[in-house]
Amino acid sequence: MNERVCIPLDPTSNGVSKAARPEFVTRNSQRLMFLVLGLAWVLPLPAKALDATEIVSLVNSVVEPLGMSIITSDATAVPRQDSSGIDVFLHRVALKSGPAETIALGDVTLESVKVADTGGYTIGRIQLPNLDLRDPLTTIVTNDVILLNCNVPKKSGALMPDDFMFCEGFQTGPVLIKDGQVDMFSFDRLEFNLTRMDGTAGLNFSGYLKNDLLYSMATERPETERLLIALGLTEIRSSENFSGSWHFPTGRFRLNENHIDIPDVGKISVAFDMAGLTQAWIKSFLTPQWEETHVDPDGALEDMDSAVSVLLAQLTLSGFSVEFQDNSLTRRAIDYFATHQGTSTEVAEMAVNATFSQFSKSLLPTDFAAAAGSALTRYIEEPNNIRIWAEPQKPVTFSKILETVESEPKAIIDLLNVSLSVNDRDRNSTYLERRNDLGIVAFCSGQGLLIPDAERYFRMIVQQTFRDPVHTSDGDVHEQKGREGIVFLQGYEQFVNDYAAAKGVGLQEVCDQYKIGINLMKRSVLNQK
């Protein structure tokens, strides 16, 4: 028999104070967003007893520092037929923020809830309700918010990762936040994955963000609008992949990769390695904010300033890397500048170089400024990729970095051992992909699926695209993988037959995609004879 217990709400309110709702949405949209996207970290704490009073009490002990409380009309527990625990349904969950501000969230579902050996709980899947909150000033829409494989410790509510609920996966569907009629933040899908290091030593994380809105042109000055329209940047969206780790004892936080791919702009890649972000510091920073904000805001602010000073003194940088792979943006910008100034692209390029030279002399050491100017000239002539990275001889504290920037800016280059490169073929994903294509063409030709001299003509295409003879170490690896029948790009690999099957086509269709380019190049060569 299913257990069912209830806590009644105001029967006339339907879980929400209508008079307070627009004010709540407008004044607390950021707080609400934070809660909704993190709600499942606190909602499932009381799965064992399945007592509604205990459920609400435990949830509220966690969200109370945010100035909020949770109300639910009732909770229902249903045993699963596969004996994998029980499903718990929290009905008509509402969020209360202040004496007159209440908003209905909906039903929350906890699947496969079981008692863990440690006395806590495990939850296979948590489904949060979709939200559609609108008023004249603010719109908040969330869809398909799900958490996977969650572990709830016996004692929860503390501020540290070892003490609160841990979930291996977090997913959402489309999310939208609008300020009036302007889209401020939106994306189609987010996935975030966490795994524990050995024991409780730290966390590894990875994920991706699809079709993230970075910028949407609203009211701009006329000249700015013309520039954005010419560059095709009236709306900028991206897809992002990232991975990294956080080691608790040393506070070492590494962003191994963060690739932001922006259509018709290019790809931005960021990585860094720093240490000192310890659990002890996080606790010293968060505890005053959560415990004192509602009592003594000035005191909490002083504590925060003190904590930030401590962090800057103990946080160290071991290295970073920032790279931009161009996808026609630079050339469009140069062309627009030339047209706008009524001059040629050559003169526009010279003007950009001259401006950078003047700017760099005041900020960069002489030798580095000269090298950077030369690199910029090569990049503008053939916009491909540009990368800047730092590899200090030993970790440098952030307080030292800030002090150097303020007192002697030019010294920062030597302090961090900064380097710069442009048009590095082995870092150009487009080039490496074409080298792999060249190998695939040779593979297809060897299988009798392309003409015998297909490789010769496709090699001409690659050489023509990248201007000089094709030969780099990474490029050679990518080409050789293709010759072995492997689709390969910077570590990702898949046999071409499996690749074709995943696309729902045969190997012949994969090889056929190269035919048009090969035939055109062959015709061009024959016409020159």
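The model is predicted, so to speak of local features takes a pLDDT of at least 70 and side-chain atom pairs count only at pLDDT 80 or more, while totals for chains, interfaces and linings use all residues. Residues are numbered from 1 along each chain as its sequence is written, and side-chain values use heavy atoms, with hydrogens and water left out.

**Overall picture**

- The protein has 17 helices and 23 strands; these are DSSP runs numbered from the N terminus, with helices being H or I of at least four residues and strands being E of at least two.
- Of its 529 residues, 43% count as buried (buried is under 20% relative accessible area, exposed is over 50%, partly exposed is in between, with a 1.4 Å probe and protein chains only).
- Among contacts (heavy atoms within 4.5 Å) between residues at least 6 apart in sequence, 61% join residues at least 24 apart.

**Disulfides**

- Searching the whole structure turns up two disulfides, each being a pair of cysteine sulfur atoms within 2.5 Å.
- In one of them, cysteine 150 and cysteine 167 have their sulfur atoms 2.1 Å apart, and the S-S torsion is about 110°, so this disulfide is right-handed.
- That pair links distant parts of the chain, with cysteine 150 in strand 9 (residues 146–152) and cysteine 167 in strand 10 (residues 166–172), 17 residues apart.
- Cysteine 150 is buried at a relative accessible area of 2%, and cysteine 167 counts as buried at 2% too.
- Cysteine 444 and cysteine 511 also form a disulfide, with sulfur atoms 2.0 Å apart; the S-S torsion here is about -75°, so the disulfide is left-handed.
- Cysteine 444 sits in helix 12 (residues 429–446) and cysteine 511 in helix 16 (residues 507–512), so the pair ties together parts 67 residues apart in sequence.
- Both cysteine 444 and cysteine 511 are buried.
- With the bonded cysteines numbered in sequence order, the pairing reads 1-2, 3-4.

**Salt bridges**

- The whole structure holds 19 salt bridges (a side-chain nitrogen of Lys or Arg within 4 Å of a carboxyl oxygen of Asp or Glu).
- Aspartate 132 pairs with arginine 134 in a salt bridge, their closest N and O atoms 2.6 Å apart; aspartate 132 is partly exposed at 43% relative accessibility, and arginine 134 is partly exposed at 46%.
- Arginine 189 and glutamate 191 form a salt bridge with closest N and O atoms 2.9 Å apart; arginine 189 is partly exposed at 27%, whereas glutamate 191 is buried at 19%.
- Arginine 237 and glutamate 235 meet through their side chains in a salt bridge of 3.2 Å, N to O, and glutamate 235 is partly exposed at 40%.
- Salt bridges with shared partners join Arg435, Glu455, Arg459, Asp476, Glu479 and Arg483 into one network.

**Threonine 404**

- Threonine 404 is part of helix 10 (residues 398–407) and is buried, at a relative accessible area of 7%.
- Setting aside neighbours within four places in sequence, threonine 404 is in contact with Pro409, Ala411, Ile412 and Leu415.
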